[in-house]
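Dear colleague,

Please find the structure below, handed over for your use.

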Amino acid sequence: MTESNYNLVTLQQLMDGSQSGDKDQGRLRQHLLDMLVQDQSVADIAFHQFQLDSRQVGAQDVFVLLKSQIPNCQKSRHYIEQAAQNAAFILSEIDPQALFATAHVPPHRHIQLGNHQDTDLALSDLPCPVLYVPDIRDFLGDLVQSRMQYQQPTALPTVVAVTGTNGKTTISQLVAQLTQLVGMSSAVMGTAGNGRLGALVQASHTTGDALAVQQFLYKMGQEQAQILALEASSHGLDQQRLQGIPVSVAIYTNLSRDHLDYHADMSEYAQAKARLFDKAHFPALTHAIINSDDEHAQIMIDTAQASDLIVWTYSLQPEKSATFMATRIEPSLEGVQIALHSEFGDITIISPLLGLFNVANLLAAIAAAVALGVDIERVASVVPKLQGAIGRMQRVPSTDGCFIVDYAHTPDALSQVLASLRTHCDGQLWAVFGCGGDRDAGKRPLMAQAGLSGADKVILTADNPRTEDPSVILQDMQSGMTDEQYKRTHIEPARQRAIDYAVTHAKADDIVVIAGKGHETYQEINHVRHDFDDSVVLAQALKKAQRL
C-alpha cells in the first residue's frame with residue numbers, strides 16, 4: 001500500500017474500530033477519548049495519514065509535532081506554520097499556546113508552560129486546528145498502526161527485539177537467519193539495514209522514528225514475514241519510537257560506555273534499556289533473554305520478573321546456572337565448536353562465526369528461536385549455515401595474514417574483538433581505529449587504551465569526524481599515553497592511508513583489525529557522506545600489495 005492509496009478516515013472511525021476486546025485497542029481508544037476532550041470537532045475531520053516531518057505533509061494529512069532533544073521554539077513554531085498550510089489538523093507534544101506566545105524567545109530559553117496571557121492571535125489564525133497532546137508518545141505507534149490496519153487489516157510478524165551496547169546487529173541477523181533456515185519467513189530492522197534477508201535497505205538510524213517503524217512492521221506483514229528481528233537502541237526506547245510494536249521476545253546483550261552525550265550517566269543508560277522488558281511499555285512480551293555475564297543484567301532481570309515474563313539467561317561461564325550455558329568452547333580462525341548445556345538438552349554446536357563474543361551472540365539467538373517454538377536440536381542443525389553480519393568480525397580474503405573488519409566502536413567492544421583474536425594470533429595483533437566526531441569526547445582516550453591493551457601495534461586514524469577536526473579527535477585519544485605506548489602507535493589521520501600502512505607493514509602471521517565502521521559505506525566529513533567502505537578499501541590495499 002503506497003502513501004497515495006490512503007483513503008480518508010476520521011479519529012472517530014478509528015475509535016469505533018478499536019472497541020474490540022483487545023487490550024491494546026482499548027488503551028488506544030481511551031487515549032483518543034482523553035485527547036478529544038479539548039476539541040471534539042477534530043474527531044470528525046477526515047484525514048489521509050500521519051506525518052512527523054512538516055515538509056512531507058500533504059493535503060489532509062495529520063502533522064504530529066514532537067519535542068526535539070534540544071528545544072528550539074522558533075523552529076517548532078515554523079514546523080506548525082508550514083504543516084498547517086496542508087494539514088487536516090495538528091497534534092502537538094509541545095503546548096502550542098506557550099510556543100506561539102514565546103516565539104521570539106532565544107532557542108535556549110526554557111518555555112514556561114501555563115501562563116498564556118500574552119498569546120498573540122497567530123495560533124487562532126492558522127488554517128487548521130492544533131491540539132496539545134503532551135502524552136502523544138504514549139500511543140503514537142498504536143495510532144499509526146490502527147490507521148493502516150483500518151485501511152487494510154494485515155497480520156503482523158512476531159517481533160524479537162534486541163537491546164544492549166554491543167551485539168544487537170549480529171543477534172538480530174542471527175535470529176532472522178536461524179528462523180529462516182528452519183522454515184519461517186524472516187526480516188530484520190537495524191543498523192545494517194531493513195528488510196527481508198538478502199534484500200536489506202540501508203538505514204539512517206538503528207531504530208527509526210515511530211512512523212517509520214510502524215510502516216515497516218506493516219510492510220513486512222503485507223509481505224507475509226512471520227518473524228521480525230529488530231534492534232532496540234537506547235535512544236529509540238527512551239523516545240518511545242517502538243511504542244505499539246508487538247515485541248514478544250526481548251534480548252539483552254550488555255552495557256558499556258556509549259551514548260553518554262545523550263544519557264546523563266550509565267544508570268540512566270541502563271534504565272532506558274530496561275524499558276524493553278516492561279510489559280507496561282510492551283504488553284505482548286512473553287520471554288526475556290538476558291546475558292547473565294553482564295554486570296547490569298540484574299536490572300533487566302528484575303524488570304522482566306516484575307512483568308511476570310519467562311526469564312531465560314545465557315552465559316559463557318560454566319560455573320553459572322544459566323538457562324543456556326557454553327560449557328566448552330574450542331575456537332579457531334574457521335569458527336568455533338561449542339558444547340551447549342540447557343534446560344532443553346545438551347548439544348554440540350559447530351559455528352562458522354569468529355570471536356568469543358559471537359558465542360554469546362549465538363546463544364542469545366538460539367534461545368530466541370527456542371522461545372519462538374523451534375526445537376533446540378533443529379536449531380543446532382542449521383547453525384553451520386549461518387553467515388556473520390556484514391562488518392562484524394568480517395574476514396577479508398588474503399593470500400597471507402588475517403585481515404578483519406569489525407564495527408567495534410566502544411572501548412568494551414574493541415577489547416572483546418582483540419581478546420577473541422589474540423588466541424589465534426601467532427604473530428602480532430594490529431588494531432586500526434579512530435573515534436567519531438561530535439560524540440562523547442570522554443570515550444576517546446578509553447578507546448586508545450583499549451586498543452593499546454589488546455593489540456601489539458595500534459594505528460590511530462579518522463572514523464567519522466563529522467564537523468570536528470580529525471587532528472583534535474586524535475589528540476584527545478592520545479591523552480594519558482605513555483612513551484612505551486607511543487612506540488607501538490602510528491598516527492595517520494587519513495583512514496585509507498592508515499589501512500594501506502597496516503597492509504604493507506603487517507607480516508604473514510599477523511592479524512589486522514580495521515575497527516569502528518564495520519558495515520558503513522561512507523565517511524562523514526562536514527555533513528557530507530563520502531563513499532568509504534572499510535572492506536572495499538582493505539581489499540584494494542591487499543591487491544595493491546599483492547596479498548590478494
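**Cysteines**

The cysteine sulfur closest to that of Cys73 belongs to Cys128 and lies 20 Å away, too far for a bond. This is a predicted model, in which local features need pLDDT of at least 70 and side-chain atom pairs count only at pLDDT 80 or more, while totals for chains, interfaces and linings use all residues. Residues are numbered from 1 along each chain as its sequence is written, and side-chain values use heavy atoms, with hydrogens and water left out.

Cys73 is buried, at a relative accessible area of 3% (buried means under 20%, exposed over 50%, partly exposed in between, with a 1.4 Å probe and protein chains only). For Cys402, the closest cysteine sulfur is that of Cys425, at 8.5 Å, again too far for a bond. Cys402 is likewise buried, with a relative accessible area of 2%. The structure holds 0 disulfides, a disulfide being a pair of cysteine sulfur atoms within 2.5 Å.

**Sheet and helix**

An open sheet comprises 4 strands in the order 1-2-3-4, with parallel pairing (two strands pair if DSSP finds at least two bridges between them; strands are DSSP runs of E, at least two residues, and helices of H or I, at least four, numbered from the N terminus). Its edge strands, each pairing on one side only, are strand 1 (50-51) and strand 4 (130-132). Strand 1 is joined to strand 2 (residues 62-65) by 2 bridges, and the two run parallel. Gln51 has Phe63 in strand 2 as its bridge partner.

Helix 3 (residues 73-84) packs on the sheet, touching strand 2, strand 3 (89-92) and strand 4 (contact means heavy atoms within 4.5 Å). The direction of helix 3 makes about 175° with that of strand 2; axes are lines fitted to C-alpha atoms, for helices over the stretch in contact, and angles run from 0 to 180 degrees between N-to-C directions.

Yours sincerely
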